[in-house]
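This report describes a single protein chain for a reader working with its coordinates.

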Amino acid sequence: MPLLGKIVIGLILTGAVLQLVPFGHEHSNPTVIQEPKWDSPQTRDLVKRACYNCHSNETTWPWYSSIAPVSWLTQRDVNQGRAHLNFSEWNDPMNQPDDVVQQVAGGNMPPWFYLPMHPEAKLTKDERAALARGLQKSLNTPAK
């Protein structure tokens, strides 16, 4: 068997074994408890479009989120996103970080690596500014 054939078979077997790792296959969306009091429907729509997949209990799990090792990264990102800021559990004051407006206004959220597979989350300059203003009003954060 040629070397290329052995490499291909090795990659296929490795990929199959990776699917046996239990992390990242069970996708759950816990119950929505409470959302923030949005300043406008536009703010809510922008947040849902650009933030909810990682920062809410309403994640849409794409097909590739069931295939390791991408499933591991996706699960980790959602777990970390929900732990840092969860718009579906706004009854918990720990979920109201001071820097959310700065992250959006500064272009750090949504992260660059998320956008190629989720082009709907890409914000124009005007949408980013509107979202930052809406979050500031909705989350009662001081202007900076």
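## Overall architecture

Along the sequence, the chain follows the pattern α-α-α-α-α-α. It has six helices and zero strands; helices (H or I, at least four residues) and strands (E, at least two) are DSSP runs, numbered from the N terminus. The model is predicted, so local features need pLDDT of at least 70 and side-chain atom pairs count only at pLDDT 80 or more, while totals for chains, interfaces and linings use all residues. Residues are numbered from 1 along each chain as its sequence is written, and side-chain values use heavy atoms, with hydrogens and water left out.

Of the 144 residues in the chain, 36% are buried. Buried means under 20% relative accessible area, exposed over 50%, and partly exposed in between (1.4 Å probe, protein chains only). The accessible surface of the chain comes to about 9,000 Å², and carbon and sulfur atoms account for 63% of this surface. Accessible areas come from the Shrake-Rupley method with a 1.4 Å probe; for residues, only the protein chains shown count as cover. Among contacts in the chain with a separation of 6 or more, 70% join residues 24 or more positions apart, where contact means heavy atoms within 4.5 Å.

Arg82 is found in helix 4 (residues 70–84). Arg82 is buried yet has no salt bridge, and the nearest side chain of opposite charge, Glu89, is 7.1 Å away. For charge, Lys and Arg count as positive and Asp and Glu as negative; His and the chain ends are not counted. A salt bridge is a side-chain nitrogen of Lys or Arg within 4 Å of a carboxyl oxygen of Asp or Glu. The side chain of Arg82 does reach the backbone oxygen of Ser28, at 3.2 Å.

Thr59 lies in the loop between helix 3 (52–55) and helix 4, and counts as buried because its relative accessibility is 7%. A polar atom of the Thr59 side chain lies 2.8 Å from the backbone oxygen of Asn53. Leaving aside neighbours within four places in sequence, Thr59 is in contact with Asn29, Tyr52, Asn53, Val78 and Arg82.

## Salt bridges

The whole structure holds four salt bridges. One of them joins Arg44 to Glu35, with the closest N and O atoms 2.7 Å apart. Arg44 is partly exposed at 27% relative accessibility, whereas Glu35 is buried, with a relative accessible area of 19%.

The side chains of Glu58 and Lys48 also meet in a salt bridge (3.3 Å, N to O). Glu58 lies in the loop between helix 3 and helix 4 and Lys48 in helix 2 (residues 41–50), so this pair ties together parts that are 10 residues apart in sequence. Asp77 forms a salt bridge with Arg76, the closest N and O atoms being 2.9 Å apart. Asp77 is partly exposed at 21%, and Arg76 is partly exposed at 39%.

## Surface and chain ends

Met1 is placed in the segment before helix 1 (3–18) and counts as exposed, at 64% relative accessibility. Together with Ile9 and Leu13, Met1 forms a nonpolar surface patch with about 330 Å² of accessible area. Patches are made of residues with over 30% relative accessible area and no salt bridge: like charges are joined within 9 Å, nonpolar side chains (Val, Leu, Ile, Met, Phe, Trp, Tyr) within 5 Å.

Asn140 is found in the segment after helix 6 (125–138) and is exposed, at 68% relative accessibility. Asn140 and Lys37 are 103 residues apart in sequence, yet their C-alpha atoms are 9.9 Å apart in space.

Notes. Polar contact = N/O pair within 3.5 Å; in protein donor to acceptor, adjacent residues only side chain to side chain.
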